[in-house]
Amino acid sequence: MPLNPQALGQALDEDLTLHTTLCRRDAPAFQKACRSSDELVVACTQESRLFAELSEQTEGAVSLDVRPIRFVNIRETGGWGREAAMATPKMAALLAAARLPDAEPVPTVTYTSEGRLLIIGALEDAERAAGLVNDALDVTLMAVGGAGMQARRYPVIGGDTPHITGWLGAFDVQWTTRNPIDLDLCTRCNACIAACPEDAIGLDYQIDMDRCRSHRACVKACEAVGAINFQREPQTHSDKFDLVLDLRKTPAFSQHALPQGYTHLPGGLGDAAALQALIQLRDLVGEFEKPRFFTYKQKLCAHGRNEKVGCSACVDICSASAISSDLKRNQIVVNPNLCVGCGTCTTVCPTGALSYAYPRASEQGVKLRTLLATYAKAGGKDAALLLHSQEAGAALIGDLGRAAALDKSVRGVPARVIPLPLWHTASTGLDVWLTAFAYGASQVWVLMTGEEAPQYRDAVREQMAVAQAIVSGLGYSGRHFKLIEARDARDLMALDTELGEAPAQGVQRRASFAVQAEKRATVELAIDHLLQDSANRPRTAEAIVLPAASLLGTISVNQDTCTLCLSCVSACPASALQDNAERPQLRFIEKNCVQCGLCEKTCPEKAISLQPRLLLGEQRKQLRVLNEAQPYRCIRCSKPFGTLKGIEVMLAKLGGHAMFQGEALERLKMCGDCRVVDIYSNPGETKITDM
């Protein structure tokens, strides 16, 4: 592949030497670098294992625990392809990003497994699977039909469809036994099978009650053992397991992301993934850790107020069923043991109450800025950022690069397209995309490979529609954000075509702001920069209409029905709605509104509706009055104590009630103090001393 060490070195501010076979003939140069404590980056991922071994065998080399080697792929991502000769800026960007330090450690989630495995399935299949793992795991079988071996090598339980909850190291399994045969007592002597005239007893040693005609010959045959009792009451059992292997067609869990420690093989041991699954099960004994992928700030959460649900985007979107509602505490609850780190909850969260913790937003921002700044410094133009998963997505891009090296009809990854691996492709949202655009990316694309939950693709599309509406509304032409779907090698040609899309119009001046810890702060910085950068572009309206999924917008108040009760003010979690201590007013700061809908659902008069939009003027950040009314003055002391409309509505609703007639109705027109005075000073009122 064509390499220009001078241009790369200039972009990276260091002297570079070109090595053509670093893992072979040029290996001494690598060994020399291993002895230095400086950062070590190798632009090859294919031979990473060989380089690690070579480093360990080099006398005087710095330990990999002290100074790890960072590997980066510049071959399939740019060096192999039709535009390889123009890919120097992209290579410089990838090398610069590879030099960045690893993400800072975050709190971890710990799992402890002692290897207790429950296998659910037909008895013969479960026994075959058990034979492959029983030397490493403590196996229990749950028979669902089938025929077992004569020798009972493993504990066998049976019963109704089990109810399973939990995760690796902490699965709770409940089931109910209704069958007359007690599998714990059964000795598998087969006497009952031979005695049954209806052949209602199978080699799973359970009675098919639909076929049984109550001859009870089996009971007589089993008299000495006493394992068969048709009078036995159903019994509920429960047990704990560390691992579950489910060989049934239908899994025990309905969510897309299954709990860690639960393996589902709908094709049984004939499933293509069976061998790998069994190998992984054997290794799941001991203590394991994973990052705690999320950070939750309740004070920012717009989930609920006063037992009213506002935003439930994270609860609805989670494919692992890890997020639930706790409306009594006005918050959501995230189970860190079930969370798989997809980050889609942070993508759809309008307030930033849920944020992605590994890597942190600030670390992601540094990587974006490094990539795009280095690309521009090296002379690159119209950068397209391609976000992909670090497993399936990276493999697909590698396949495309290799195809381009072998087939001249394949373009490969274009010189302007910069791949960026992520833990999960749904973990980035509006803040990251707009920031990347403000940093100088012409386009931001997300590559999904079918491993994602279906609702994740919909959520990313919806959020991208919001981002595109903002950028287009500010006058930037072209399509800047899109979702690319490619499953495997069958879609390589379609992927090749998608990556060849023409550039869209970018910013004239690249932003320099730093990504903030809070999502909305980053969104505001990006919008402010884009408003300044696009100030001279033609605009057709003072506000950009946004799709319904927007986290930006205003509210509309029907002044004819609003009584200024101000219940919406107390419900607003973002301080977008405010009152006025001096006079009856409902005031609003549009910049703060997260479009959660709590005000709309709280309003007793149904006078509020949401309007997703981006107001382009300074009024967006200023306090403005949505509704105001004349104060209602006490008929006794003239002190204002409510709004004219509010008191009139109350009088109209209560005027026909028997308890509010005459003086009682007049009292409703008084302030709280005067009502008490009137009650105690009115000679017509009944006193307790008169009773």
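Okay, let's start with helix 3, residues 48–57: its buried residues are Phe-51, Leu-54 and Ser-55. Down the helix axis, those buried residues fall within an arc of 100°, so they line one face of helix 3. Keep in mind that this is a predicted model.

So what's on the face turned away from that buried side? There you'll find the exposed residues Arg-49, Glu-56 and Gln-57. And what covers the buried residues of helix 3? The cover includes helix 2 (27–34), plus strand 1 (40–42) and strand 2 (69–71).

Ring pairs tie Phe-51 into a cluster with Phe-30 and Phe-71. Searching the whole structure turns up nine aromatic pairs.

Rings come up again with charges. Arg-116 has its charged end over the ring of Phe-241, 4.7 Å from the ring centre. Lys-482 puts its charged end over the ring of Trp-445, and there the distance to the centre is 4.6 Å.

Last stop, helix 12, residues 361–377. Its 17 residues reach 24 Å from the first C-alpha to the last, close to the 24 Å expected at 1.5 Å a residue. Which residues of helix 12 are buried? Among them are Glu-363, Gln-364, Gly-365, Leu-368, Leu-371, Leu-372 and Tyr-375. The buried residues of helix 12 pack against helix 1 (5–12), helix 5 (88–98) and helix 14 (430–439), and also against strand 19 (384–389) and strand 20 (417–422). Then, just after helix 12, have a look at Gly-379, which takes a positive phi of about 95°.

How values were computed: Residues numbered from 1 in each chain as written. Predicted model: local features only at pLDDT ≥ 70, side-chain atom pairs only at ≥ 80, totals over all residues. Heavy atoms only, no water. Buried < 20%, exposed > 50% of the residue type's maximum accessible area, 1.4 Å probe, protein only. Helix = DSSP H or I, 4+ residues; strand = E, 2+ residues; numbered from the N terminus. Arc of directions from axis to C-beta. Contact = heavy atoms within 4.5 Å. Phe/Tyr/Trp six-rings, centres within 6.5 Å; stacked < 30°, edge-to-face > 60°. Lys NZ or Arg CZ within 6 Å of the ring centre and 35° of its normal. Expected span 1.5 Å × (residues − 1).
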